[in-house]
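Subject: Structure handover

Hello,

Here is the structure you will be working with. My notes follow below it.

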Amino acid sequence: MENRKYYFAVDLGATSGRTIIGTLAGGRLELQELTRFDNVLIEVGGHVYWDIFALYHEVVKGLRLAAERCIPLSSIGIDTWGCDFVCVGDDGQILRNPLAYRDPHTAAAMETYFSEAVDKATVYAKTGIQFMNFNSLFQLYQMQRDGNTALRHASKVLFIPDALSYMLTGRAVCEYTVASTSQLLNPLTADLDEELVASLGMRRDQFGSMTTPATVIGGLTPEVQRTTGLGPVPVVAVAGHDTASAVAAVPAADEQFAYLSSGTWSLMGIETRRAVINGQSFERNFTNEGGIEGTTRFLKNICGMWIYERCRQEWPEEKARGHAALQRESMDCESFRSLINPDDACFANPPSMVAAIDDYCRRTGQPVPRTPAEYCRCIFESLALRYRQVFTWLREFADFDIRVLHIIGGGSLNAYLDQFTANSCGVVVLAGPQEGTAIGNVMLQAKAAGDVADVWDMRRIIARSVELKRFEPQDKAVWDEAYARWTDLTK
């Protein structure tokens with residue numbers, strides 16, 4: 001009988017979460033979804049919170065189901081979004097539900113921090129992280145200025161995946177990849193930067209011990225064992241940041257690749273051996289986030305399918321019809337009729353995304369889309385052109401030739417956008433896997449167990465286990481002309 005291993009992956013996104021069983025046998029990986037649940041923002045008292053206890057409940061519910069099905073779990077791993085964190089008191093108890101990165105309290109926090117604490121150039125030189133007002137550095141700073149009671153009494157501050165692992169094991173760690181999203185971690189020292197921590201009126205020991213991916217944190221506490229019916233199953237620090245787990249799952253054959261993690265956000269980057277921190281990366285607002293096995297994820301955040309999904313919310317009839325019909329109709333529309341910059345501030349969170357596109361087109365002297373299909377075409381072409389701009393910059397930064405672009409995540413299923421991206425960037429696109437984050441989570445648990453040797457062993461198994469779709473570049477002259485126009489429009 002072949003040796004089968006079962007790994008329990010918790011994959012939490014900003015709107016929903018899942019528990020998944022990953023099965024490794026015969027050099028191939030299979031995934032089975034156990035549970036799916038909503039991750040609901042709570043608005044109360046002028047703030048927006050995550051419900052950490054509800055998320056913990058869902059994790060335990062999934063573990064209980066695994067126990068009921070007699071699945072012999074080898075380990076448990078948790079990945080989530082980045083930046084947000086939980087405050088823990090000196091009695092070991094969670095002090096309050098954590099603030100969410102969409103809370104408005106950090107709207108002006110960046111500029112205040114730069115003027116009162118540490119200047120912008122110094123922060124980037126220390127961290128190499130893209131500036132976003134919800135980065136943990138600015139959240140913590142604003143909480144200090146506001147006299148936040150939970151932070152004032154915090155013995156420990158734990159990022160979301162570390163907090164859930166703490167609730168399961170009683171052990172506090174600071175996993176490297178999720179810590180790197182905070183704008184507190186210095187990639188040169190591979191630890192939180194002392195000056196930046198001190199600028200918050202905090203101490204390094206208020207955060208967990210730095211832990212690299214594929215490290216066992218500890219076993220389930222007796223309480224969790226009683227609640228779930230499981231034994232002391234080990235909990236592994238995977239790549240706690242969901243994008244880090246997704247990049248670990250890129251089924252690349254060698255190092256000469258770029259990746260595009262495509263979902264609500266698009267994250268385009270390369271895997272490097274050292275952080276890229278210089279004047280040009282600062283000017284272009286690239287980020288250096290922690291990867292696995294000592295790598296850096298040098299990437300840029302791009303507004304992804306957010307614009308498309310927000311528009312669909314305004315078209316009830318299109319939501320009822322589904323994606324396929326609308327996207328197919330969009331391919332019959334005039335190409336490059338209207339173009340937008342997906343990362344323009346006007347598309348961040350407008351009351352009406354359709355109206356925001358209309359206003360942008362009028363402001364730039366372009367025809368306004370007339371039908372949902374025309375809006376869809378506009379969004380997909382504009383995204384592909386923005387991808388080309390960032391891909392061009394990546395080629396300038398990389399010290400190797402980028403031969404292929406891997407598209408992973410839910411957006412990899414959008415064949416129209418995949419082909420547009422290949423056309424626009426002028427590079428072969430390999431689309432898949434869709435479940436990159438969960439796969440990376442499972443494979444890092446397998447590495448912790450000694451069932452795979454390293455990331456390249458992981459990637460060979462993944463490549464054997466998933467079907468990739470290949471898109472060759474087409475219509476070069478047409479896309480070159482469109483890019484020149486888009487560049488001029490978005491200066």
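Accessible areas here come from the Shrake-Rupley method with a 1.4 Å probe, and for residues only the protein chains shown count as cover. On that basis the protein chain exposes about 19300 Å², and carbon and sulfur atoms supply 48% of this area.

The model is predicted, so local features need pLDDT of at least 70 and side-chain atom pairs count only at pLDDT 80 or more, while totals for chains, interfaces and linings use all residues. Residues are numbered from 1 along each chain as its sequence is written, and side-chain values use heavy atoms, with hydrogens and water left out.

Overall

Helices (DSSP H or I, at least four residues) and strands (E, at least two) are DSSP runs numbered from the N terminus. The protein chain has 20 helices and 21 strands. Its radius of gyration is 22 Å, close to the 23 Å that the globule rule gives for 491 residues, so the chain is as compact as a globular protein of that length. The radius is taken over C-alpha atoms, and the rule is 2.2 Å times the number of residues to the power 0.38. The C-alpha trace spans about 65 × 65 × 45 Å along its principal axes.

Of the 491 residues, 60% are buried. Buried means under 20% relative accessible area, exposed over 50%, and partly exposed in between (1.4 Å probe, protein chains only). A contact means heavy atoms within 4.5 Å. Among contacts in the protein chain with a separation of 6 or more, 72% are between residues 24 or more positions apart.

For charges, Lys and Arg count as positive and Asp and Glu as negative, with His and the chain ends not counted. Each charge is placed at NZ of Lys, CZ of Arg, CG of Asp or CD of Glu. The protein chain has 47 positive and 60 negative side chains, and the centres of the two sets lie 2 Å apart.

Cysteines

How many disulfides does a search of the whole structure find? It finds 0, where a disulfide is a pair of cysteine sulfur atoms within 2.5 Å. For Cys303 the nearest cysteine sulfur is that of Cys346, 9.9 Å away. For Cys376 it is that of Cys333, at 8.2 Å. Cys303 is buried, with a relative accessible area of 9%, and Cys376 is buried with 1%.

Two helices

In helix 19 (residues 455-465), 8 of the 11 residues are buried, so this helix is largely enclosed by the rest of the structure. The buried residues include Trp456, Met458, Arg459 and Ile462. They pack against strand 2 (16-25), strand 3 (28-38), helix 10 (242-248), strand 15 (257-262), strand 16 (265-272) and helix 18 (436-448).

In helix 14 (residues 323-330), Ala325, Leu326, Gln327 and Ser330 are buried. Their cover includes helix 12 (306-313), helix 13 (316-321), helix 16 (372-397) and helix 17 (415-425).

Two isoleucines in loops

Ile402 lies in the loop between helix 16 and strand 19 (404-408) and counts as buried at 2% relative accessibility. Leaving aside neighbours within four places in sequence, Ile402 is in contact with Gln256, Phe257, Ala258, Ile270, Phe391, Leu394, Arg395 and Val427. Ile402 and His105 are 297 residues apart in sequence, and their C-alpha atoms are 40 Å apart.

Ile71 is in the loop between helix 1 (52-68) and strand 6 (73-79) and is buried at 14% relative accessibility. With neighbours within four places in sequence again left aside, Ile71 is in contact with Tyr6, Ile21 and Ala66. The C-alpha atoms of Ile71 and Leu95, which are 24 residues apart along the chain, are separated by 34 Å.

Backbone points to check

Most residues other than glycine have a negative phi, and most peptide bonds are trans. The following entries depart from that.

- The peptide bond from Gly432 to Pro433 is cis, with omega near 5°; Pro433 is in the loop between strand 20 (428-431) and helix 18.
- Gln183 has a positive phi of about 65°. This residue lies in the loop between helix 7 (176-179) and strand 10 (185-186) and is buried at 0% relative accessibility.
- Phe336 has a positive phi near 55°. Phe336 is in the loop between helix 14 and helix 15 (353-363) and counts as buried at 11%.

Regards
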